[in-house]
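Biologist: I've got a new model to look at today. Please walk me through it.

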Amino acid sequence: MRLEENVTWQQSRTMTEELLGRLLPITPENIAALDGREGVYVVTYEGRELGFGLWSGSNPKVIYVGISKPNSSRHFESGNTGTSTLRRSLGALLQHQLELTAVPRCQDPLDNDRYSNYSFDQDSEERLSDWMAKNFQIAFLPVEEEKAQAVRLAMIDYNAPIFNFQNNPANKYGAEIKVYRKKCAEEARMADLKVASVCN
C-alpha cells in the first residue's frame, strides 16, 4: 500500500484488516523479530478476562500499537515491567487474578519514577509473561522509519486500543486503567517502606 504523509481512515482500516489476517503467537522468536525490523506492530486480544467490552464480536481486538525498536521485545519478557507501559497496565488489571506483587522497579533512591514505573517480583513477572503468551497475538507491518509515527497514530485513531494512552482521545478506558496502575504504584511504595523499616 502506498502511504501518503497523512494516512487516511480507509488506509488505517485496510492495514488493520491486513494485520488481523496474519497474526502470530507470542513466542521468543516472534517477539525477538520485532527488535530488528522497521515498522509498526499491533498486539491483539480476543478473550473475556480483561472485560472492557473487548470480547464483543468475533474478531481479535487491537489493544496496543507500537513502533518497532531495538527493545520492543521487552513488552513481552519477564523482568521488564518497569520499562514497559503495556506490561504495567496489563499487570494492574490482572493483579488480583494472577496474584501479582508490585515492587519498585529499582532500589535507586534517585530514581523518581521507581514507584510509578513499578515492576513485579520475579514469580509475578513470570506469571504475567505466561498469561500474555497464552492470550495475546502480534502482527507486524513494514513501514519506512520516517512514516512509522504517522502510521502508528493513524492506527491508534482507528482502533482506539485500550493500552495506548497518548494521542488516543477515543480510549474510554484509559482513565480506569490508570486508577489500577496507581494502586500498584502505591503497593510498590509501601513494599519499599516495609523493607526500609526492617533494615532499620
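Modeller: Happy to. One term to begin with: helices (H or I, at least four residues) and strands (E, at least two) are DSSP runs, numbered from the N terminus. This is a predicted model, in which local features need pLDDT of at least 70 and side-chain atom pairs count only at pLDDT 80 or more, while totals for chains, interfaces and linings use all residues. Residues are numbered from 1 along each chain as its sequence is written, and side-chain values use heavy atoms, with hydrogens and water left out.

Biologist: What pLDDT does the protein average?

Modeller: The average is 90, and 90% of the residues score at least 70. pLDDT is the predictor's confidence in each residue, from 0 to 100.

Biologist: And where does pLDDT stay under 50?

Modeller: That happens over residues 196-200. The model has zero contacts beyond four places in sequence for that stretch, a contact being heavy atoms within 4.5 Å. Where pLDDT is low, the predicted coordinates should not be read in detail.

Biologist: Good to know. On to the helices: at roughly what angle do helix 1 and helix 5 cross?

Modeller: Roughly 85°, and the axes of helix 1 (residues 9-20) and helix 5 (residues 145-159) come within 9 Å. Axes are lines fitted to C-alpha atoms, for helices over the stretch in contact, and angles run from 0 to 180 degrees between N-to-C directions. Helix 1 and helix 5 are therefore roughly perpendicular to each other. For that wording, under 35 degrees is roughly parallel, over 145 roughly antiparallel, 65 to 115 roughly perpendicular and the rest oblique.

Biologist: Which residues make the contact between helix 1 and helix 5?

Modeller: On the helix 1 side you have W9, S12, R13, M15, T16 and L19, and helix 5 brings V151, A154, M155, D157, Y158 and N159. By class, the contact of helix 1 with helix 5 has seven nonpolar, three polar and two charged residues. Here Ala, Val, Leu, Ile, Met, Phe, Trp, Tyr, Cys and Pro count as nonpolar, Asp, Glu, Lys and Arg as charged, and the others, Gly among them, as polar.

Biologist: How many salt bridges does a search of the whole structure find?

Modeller: Four. A salt bridge needs a side-chain nitrogen of Lys or Arg within 4 Å of a carboxyl oxygen of Asp or Glu. One of them joins the side chains of R13 and E17, at 3.3 Å from N to O. R13 and E17 both sit in helix 1, four residues apart, or about one turn of the helix. Another joins E18 and R22, at 2.7 Å from N to O.

Biologist: Is R13 buried, exposed or partly exposed, and what is its relative accessibility?

Modeller: R13 counts as partly exposed at 39%, and E17 is partly exposed too, at 48%. Buried means under 20% relative accessible area, exposed over 50%, and partly exposed in between (1.4 Å probe, protein chains only).

Biologist: What does R87 form a salt bridge with?

Modeller: With E125, and the closest N and O atoms are 2.9 Å apart. R87 lies in helix 3 (residues 85-98) and E125 in helix 4 (residues 122-135), so the pair ties together parts that are 38 residues apart in sequence. R87 counts as buried at 0% relative accessibility, and E125 counts as buried at 3%.

Biologist: At roughly what angle do helix 3 and helix 4 cross?

Modeller: Roughly 100°, with the axes coming within 10 Å, so helix 3 and helix 4 are roughly perpendicular to each other. L86, R87, L90, G91, L94, Q97 and L98 of helix 3 meet E125, R127, L128, S129, W131 and M132 of helix 4. The residues of that contact divide into seven nonpolar, three polar and three charged.

Biologist: Switching topic: what does I26 touch, leaving out residues up to four places away in sequence?

Modeller: I26 touches I31, F76, M132, A133, F136, Q137 and I138. I26 lies in the loop between strand 1 (24-25) and helix 2 (28-35), and at 10% relative accessibility it counts as buried.

Biologist: Last one: what is the phi of E99?

Modeller: Phi of E99 is positive, about 55°, although E99 is not a glycine. Most residues other than glycine have a negative phi. E99 is in the loop between helix 3 and strand 4 (102-103), and counts as exposed at 61% relative accessibility. A160 also has a positive phi, near 45°, and lies in the loop between helix 5 and helix 6 (174-199).
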